[in-house]
Amino acid sequence: MKMNMFTPPPPRASGLDFSADLSDNICPVCSGPMYPLFGAGKPYAMCKVCRYMAADSMPGAGAEIESLGVVREKNFTRIIKTLKKKYTWANTILDVGSSHGVFLRLAAQNEFTATGLEPDERLAGECRNSGFDVVTGFFPEADELAGKTFDIIIFNDSFEHIPNLQALITGIKAHLGKKGIVVVNLPNSDGLLFQSALLAYQFGIQVPFDRLWQKGFASPHLHYFNTRNLKMLFERHGFTQQENMPLSYYLITGLWRRIRCKASLCVSIIAWLILTILYPFFCVKSDCFASYFTFKNEACYE
Ligand SMILES: [Zn+2]
């Protein structure tokens with residue numbers, strides 16, 4: 001099968017200069033001042049105003065975390081149910097970062113016409129071999145997307161991996177139809193797990209926080225949002241929030257493999273015990289959410 005050439009992503013996240021003390025950097029969400037989260041020299045920054053966070057990591061492609069299928073299937077089913085119920089006119093979907101094709105399969109089962117966009121050529125090829133329509137490339141640069149629009153653009157755990165937020169929003173506008181909806185499903189910096197890891201980092205335990213950012217992975221997280229600053233980002237660019245729902249960040253089923261695939265045995269045992277015992281607490285303030293946005297003045301619902 002023919003693989004398409006695509007433009008590689010820019011070299012750094014958010015255009016922030018981590019080599020300095022960040023004092024000259026402004027927040028890409030609210031234009032507030034950024035500061036080094038744990039002091040100079042650490043690879044994390046936060047906005048003093050909206051609490052948007054960025055990491056100094058190299059963007060890339062890949063799906064290294066195992067055993068995400070169960071939790072993704074649960075979350076995607078909820079997202080699709082809402083799309084079917086509230087946006088009955090919408091049919092075409094672009095799934096940015098379609099990975100193993102779980103969302104593409106569920107969308108097809110619910111009679112949507114879905115196209116995947118996946119930078120990892122192996123994953124894109126596997127999905128094409130399973131009969132799905134998948135373009136190889138990064139969003140929004142992929143050549144095969146040129147001139148195409150969709151009723152729905154969805155980012156399932158992919159928004160936080162894309163470097164340039166301005167180019168990302170511009171790309172969404174370019175590829176949304178007039179009545180388009182964008183759904184962003186991503187980790188939440190207000191989540192109890194993230195806040196616990198943030199606290200642990202301040203006491204010198206860096207592993208959980210680095211792991212949540214997927215530091216050192218082929219495709220690390222470059223941004224961390226909460227419900228407020230994600231809404232602010234889209235509203236500043238003329239979108240209107242329609243829905244906001246908490247989603248499951250993890251389930252006990254598959255948890256061991258998910259941790260063990262990228263951690264030592266000792267760390268895995270400790271992490272699994274903590275996440276299993278404290279599972280009910282981590283569900284109360286979830287580390288994952290989905291927001292639905294439409295363009296201002298162009299939303300028109302039946
Ligand atoms: Zn900000």
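This is a predicted model: local features need pLDDT of at least 70, side-chain atom pairs count only at pLDDT 80 or more; totals for chains, interfaces and linings use all residues.

Trainee: Fine. What is the strand order in the seven-strand sheet?

Mentor: The order is S6-S5-S4-S7-S8-S11-S10. The sheet is open, and its pairing is mixed.

Trainee: Which strands sit at the edges?

Mentor: Strand S6, residues 133-136, and strand S10, residues 239-247. Each of them pairs on one side only.

Trainee: How many degrees does the twist average from one strand to the next?

Mentor: The average is 20 degrees.

Trainee: Let's go inside. Is strand S7 mostly covered or mostly open?

Mentor: Mostly covered. S7 spans residues 150-156, and seven of its seven residues are buried.

Trainee: What does S7 pair with on the S4 side?

Mentor: Strand S4, residues 92-96, runs parallel to S7, and four bridges join them. To find that pairing in your viewer, look for Leu94, which stands opposite Ile153 in S7.

Trainee: And how many bridges join S7 to S8?

Mentor: Six, and those two strands run parallel as well. Strand S8 covers residues 176-187. Asn156 has Asn185 in S8 as its bridge partner.

Trainee: Remind me, what holds paired strands together in general?

Mentor: Strands of a sheet pair through backbone hydrogen bonds, in either a parallel or an antiparallel sense.

Trainee: So where's the antiparallel sheet?

Mentor: That is the open sheet of four strands, in the order S1-S2-S3-S9. Its edge strands are S1 (34-36) and S9 (223-224), each pairing on one side only.

Trainee: How many bridges are there between S2 and S3?

Mentor: Three. Strand S2 is residues 44-47 and strand S3 is residues 53-55, and they pair in the antiparallel sense. Ala45 stands opposite Ala54 in S3.

Trainee: Helices now. Which strands does H2 lie across?

Mentor: S4, S5 and S7. H2 runs at about 175 degrees to S5.

Trainee: What about H4?

Mentor: Helix H4, residues 165-175, lies across S4, S7 and S8. Its angle to S8 is about 140 degrees.

Trainee: And how do H1 and H2 cross?

Mentor: Their axes come within 10 Å and cross at roughly 40 degrees. H1 is residues 69-86 and H2 is residues 102-109.

Trainee: Last topic. Where is Asp210?

Mentor: Asp210 is in helix H6, residues 207-212.

Trainee: Why does Asp210 count as partly exposed?

Mentor: Because Asp210 has 17 C-beta neighbours inside 10 Å. Buried needs 20 or more, and exposed means 12 or fewer.

Trainee: And how far is Asp210 from Phe150?

Mentor: Their C-alpha atoms are separated by 35 Å. Along the chain, the two are 60 residues apart.

Key: Residues are numbered from 1 along each chain as its sequence is written. Two strands pair if DSSP finds at least two bridges between them. Axes are lines fitted to C-alpha atoms, for helices over the stretch in contact, and angles run from 0 to 180 degrees between N-to-C directions. Two residues are in contact if their C-beta atoms, placed from the backbone, lie within 7 Å.
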